[in-house]
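I set down here, in order, what I looked up in this structure. The entries begin with the contact between the chains and then turn to each chain.

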Amino acid sequence: MPRVLAILARLALATIFVVAAIAKLRQPWLLFAANLDAMQILPEQAVLFVARVLPWTELVLGVLLLTGFKLRYTAAFATALLAIFFSVMLRLYLRGVEVDCGCFGPGDPLGPKTLVRDGAFLVLSSGVTFESFLRRRR
Amino acid sequence: MRFLILPLLLTVPLLAAENSYQIVGSPTAPITLQLYSDFQCPHCKVLHFTTINSALSDCVAKGKVRIIYRDFPLPQHQYARLAARYANAAGRIGQYQKVCDQLFQLQDEWGTKGNVDAVVSRVLSPADMSKVRQAVTDAKLDQQVDQDMALGEKAGLTQTPTMVLTYKNKPYNVPGEVSYTILSKFIDSLLAK
C-alpha cells in the first residue's frame, strides 16, 4: 500500500471512531444503554458497563489512530472491535431483530445499509492493521 | 412572556390529538411517554406486558410519568390498522386497556386469520361489543390513526415499538424492547437533571 494511501486510511478510520464516540457522548448515556438493551445480547449489568465505557474507548482509540501512536496495537484493537460490532449486527439482522444500531447515535436503524457500512469499516480497519504490521517487518 | 408561551406552543402539536382513554397518569407528570406500537408486532406485545405494565405500577403511579398510547400500524402487518380501530372504538366506551390486552394476548390468532372482531368480542359484554361494532365504522378512527402515524413520522420513528419520552420539551426516542430496569434508570436520570 502506498504511504499516502496508508495515512489517509488511518485518518479515515480515526475520524470514524471520533465521530461515533462524539455522537454517543452527546446523548444521555442511559439512552445508549437502552439501545444496547433492546438488542437483547447482554445482561443488564453488562449493558450499563458497555454503555458507560464504549464511547470513551472509541474516543481514545480515535485519538490514538489519529496520532499513529503504537499503531499496530491500536489498529488491531480497532479491527477486533469492529469485527465484534459487525458480527453482532449481522446476527441481529439474520434473527430479524428490529433495533437501532446506535453506532452514530439515535435514529440509525439496523438494515442492509448499516451492514454494508460497518462491513466497509471492518475492511478499512483490517487494511490499516495489515499495513502497520507489514511496515514493521520491512 | 413570549419566553413562556413559546415552549407551550411547541408542546401543543407534539402532544395534540390524543383522546382521554389514550392517556394514563397525572397530567402534571414531568415526563410524557408516548408509546408508539403496532398491535401485530411481537416486540410491542412483549413491551406492553412487561416494561409498560411495570411502568404503570411504578413511575406512572408515582406521578413521574404519564403515558400516551399511539398507533403506528406498519404496512407489512395486514390487520394492525383494523386492530387499532377496534381498540380505539373500545376506548370510546371505556374499555381501551381491556381490548389492548386482549389484542396483544391473542396476536398470533387474529394476526393470521384477521378475525379481530371475534377476538375482541370474547372480552366484552354483548352490549359493549355492539357499541364497539357501531363505532368501528366511524371514519374518524382512521383519521386518528393517521394523526398518530404523522406524529410518529415527525418524531423520526423508524420502528415499533418506540417510546418517545419528553422532558422539559426535549424528546428522547427509545426504540425497541427495552427492560423496565434500564427505562426507569433513564427516567430517574432525566428527573435528576
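**Entry 1: the contact between the chains**

I first looked up the contact, which takes 16 residues from chain A and 18 residues from chain B; two residues are in contact if their C-beta atoms, placed from the backbone, lie within 7 Å. Helix 2 (29–39) and helix 3 (44–67) of chain A each supply at least two residues of the side of chain A that touches chain B. Helices (H or I, at least four residues) and strands (E, at least two) are DSSP runs, numbered from the N terminus. Helix 2 of chain A gives the largest share of that side, six residues. I noted the make-up of the side of chain A that touches chain B as 10 nonpolar, two polar and four charged residues. Here Ala, Val, Leu, Ile, Met, Phe, Trp, Tyr, Cys and Pro count as nonpolar, Asp, Glu, Lys and Arg as charged, and the others, Gly among them, as polar.

I record that this is a predicted model, in which local features need pLDDT of at least 70 and side-chain atom pairs count only at pLDDT 80 or more, while totals for chains, interfaces and linings use all residues. Residues are numbered from 1 along each chain as its sequence is written, and chains are lettered from A and ligands numbered from 1 in the order in which they are written.

**Entry 2: chain A**

I found five helices and zero strands in chain A. The radius of gyration of chain A is 15 Å, close to the 14 Å that the globule rule gives for 138 residues, so chain A is as compact as a globular protein of that length. The radius is taken over C-alpha atoms, and the rule is 2.2 Å times the number of residues to the power 0.38. Of the 138 residues of chain A, 33% count as buried; a residue is buried if 20 or more other C-beta atoms lie within 10 Å of its own, exposed if 12 or fewer, and partly exposed in between, with C-beta atoms placed from the backbone.

**Entry 3: chain B and its strand 3**

Chain B has nine helices and five strands. I noted that buried residues make up 45% of its 193 residues.

Why is strand 3 (residues 65–71) of chain B largely enclosed by the rest of the structure? Seven of its seven residues are buried, so the strand is enclosed in that way. B:Val65, B:Ile67, B:Tyr69 and B:Asp71 point one way from strand 3 of chain B, and B:Arg66, B:Ile68 and B:Arg70 point the other way.

I then looked up the partners of this strand. Strand 1 (residues 23–24) of chain B runs antiparallel to strand 3 of chain B and is joined to it by two bridges; two strands pair if DSSP finds at least two bridges between them. B:Val24 stands opposite B:Ile67 there. Strand 2 (residues 31–37) of chain B pairs with strand 3 of chain B in the parallel sense, over seven bridges, and B:Tyr36 has B:Arg70 as its bridge partner.

**Entry 4: the nonpolar cores**

The largest nonpolar core has 57 residues, and those with the most contacts inside it include A:Phe17, B:Val65 and B:Ile67. Such a core is a set of buried Ala, Val, Leu, Ile, Met, Phe, Trp, Tyr and Cys residues joined through C-beta atoms within 7 Å. Its largest share, eight residues, comes from helix 2 of chain A. A second, separate core of 22 residues includes B:Phe39 and B:Val120.
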